[in-house]
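Biologist: I have the sequence and the model open. Take me through some of the packing, please.

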Amino acid sequence: MSGKRLGLVMALGVLALAGAALAVVLTLALLRSQTASALDEAVTEATEGHRFELLRFEFTHLPNRLLTEIARWFDDREEDEDAALERWFSSREESDRKAAERALERAIARSASGMGLDSSLPLFGDVALQWPPVDVDLGETLRVLAVSPRSEVKLVRTVLLGSDIGADEFERLEAIVEADGEWSAWVTTIGGVALYPAPVVSSRDYLRTLQIMAHEWTHHYLGFYPLGLSYARGPEMRTINETVADIVGDELGEAAALSIAAELPIADNPERQSILARTDPILRSLRLEVDELLAQGEVEEAERRMEAARRELIDAGRPFRKINQAFLAFRGGYGASASSASQWGPRLFALREASQSLAHFLEQVREINSPEEADRVLPR
């Protein structure tokens, strides 16, 4: 084996170890957030056989990724990334998935470096690299069960579910959790989750796919800073983390999309944008109204109002299967969402607007470790 190839293999080994360490950190953090309070019998019953197996996912995907990368170094054939991407986004052939993943990962990595998001190495401050490596899996479609009390909009439980549960089973799971009349439950498909590699749903719109990938990479990046390590310290820190990931993900994903030469589909739908513009105010008004009704103890009236708003949204071209307290609690954790009543979204967007670059914005927010620190850093 040549010295060059030996060096590459050793480097990949170090990368794999680093990835494994990151996977353990992220997995333990997620497990800790999900087991902060005991799961009640209803949630256990509802999710039995459907819970996503985190450890098996990590220890299956990381070795496979290492072996794939080693094999590529010994294969001198050129890979036509543009052709692989065009095939993947047009026909979803499984044989093209790995090549598409690598091409999209490299697009995000290049753009992150170009935008100054590289990290300095310890003891070698003048040496910077894109860290952590972008790593996604486009083959998983995950779901989540969110639980809130009926008496307030508050996310008290999330359980990650695997791809084996179909949409026709969502209501059955929700009914099990809601049977005692105390809880509100909502099951939905999620676009991505910050495991390592990050499972990401690849839509026909490659811009949106890249933005979700960049969102999850931002969580990986923040995992090495106080902000990411504080994710599980209450709903306010979750909202701050998710809003930062939205801001960075949208901007970085768009830059990555512009760097790809292949002609790929982007969902430029003016009608869809018009629908969002008309319906987002309905969701914002609903969230404020529901919070007020629940504060007055008017639970059933709040639920009647949510169902009425859902039907109004359907008529306006934005169909939701279900709107309840758990729906608002889960979606409201993203400060950019119309379902959010949080102060942090507008304040984070204001800081980004005032920052000279995306890198400057991240440097300011990544050290936040509490709502009090956020209040000090963010503009009012």
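Biologist: Is F89 buried or exposed?
Modeller: This is a predicted model; local features need pLDDT of at least 70, side-chain atom pairs count only at pLDDT 80 or more, and totals for chains, interfaces and linings use all residues. Residues are numbered from 1 along each chain as its sequence is written, and side-chain values use heavy atoms, with hydrogens and water left out. Buried means under 20% relative accessible area, exposed over 50%, and partly exposed in between, with a 1.4 Å probe and protein chains only. F89 has 3% relative accessibility, so F89 counts as buried.

Biologist: How many aromatic pairs does a search of the whole structure find?
Modeller: Rings of Phe, Tyr and Trp (its six-membered ring) pair if their centres lie within 6.5 Å. On that rule, the whole structure gives nine aromatic pairs.

Biologist: What kind of aromatic pair do F89 and Y206 form?
Modeller: Planes under 30 degrees apart count as stacked, over 60 as edge-to-face and the rest as tilted. The F89 and Y206 rings are 6.1 Å apart centre to centre, with 70° between the planes. That pair is edge-to-face.

Biologist: How far apart in sequence are the parts that F89 and Y206 tie together?
Modeller: Y206 counts as buried, at 5% relative accessibility. Helices are DSSP runs (H or I, at least four residues), numbered from the N terminus. F89 lies in helix α4 (residues 81-91) and Y206 in helix α7, so the pair ties together parts that are apart in sequence by 117 residues.

Biologist: How is α7 placed relative to α9?
Modeller: Axes are lines fitted to C-alpha atoms over the stretch in contact, and angles run from 0 to 180 degrees between N-to-C directions. Helix α7 (residues 206-222) and helix α9 (residues 235-258) pack at about 130°, with axes 7 Å apart. Angles under 35 degrees count as roughly parallel, over 145 as roughly antiparallel, 65 to 115 as roughly perpendicular and the rest as oblique. That makes α7 oblique to α9.

Biologist: How are α9 and α14 placed relative to each other?
Modeller: The axes of α9 and helix α14 (residues 358-365) come within 11 Å. They cross at roughly 165°. The two helices, α9 and α14, are therefore roughly antiparallel.

Biologist: Which residue lies over the face of F330?
Modeller: F330 belongs to a cluster linked by ring pairs, with W186, F320, F327 and Y334. A charge sits over a ring if NZ of Lys or CZ of Arg is within 6 Å of the ring centre and within 35 degrees of the ring normal. At 5.2 Å from the ring centre of F330, the residue is R238.
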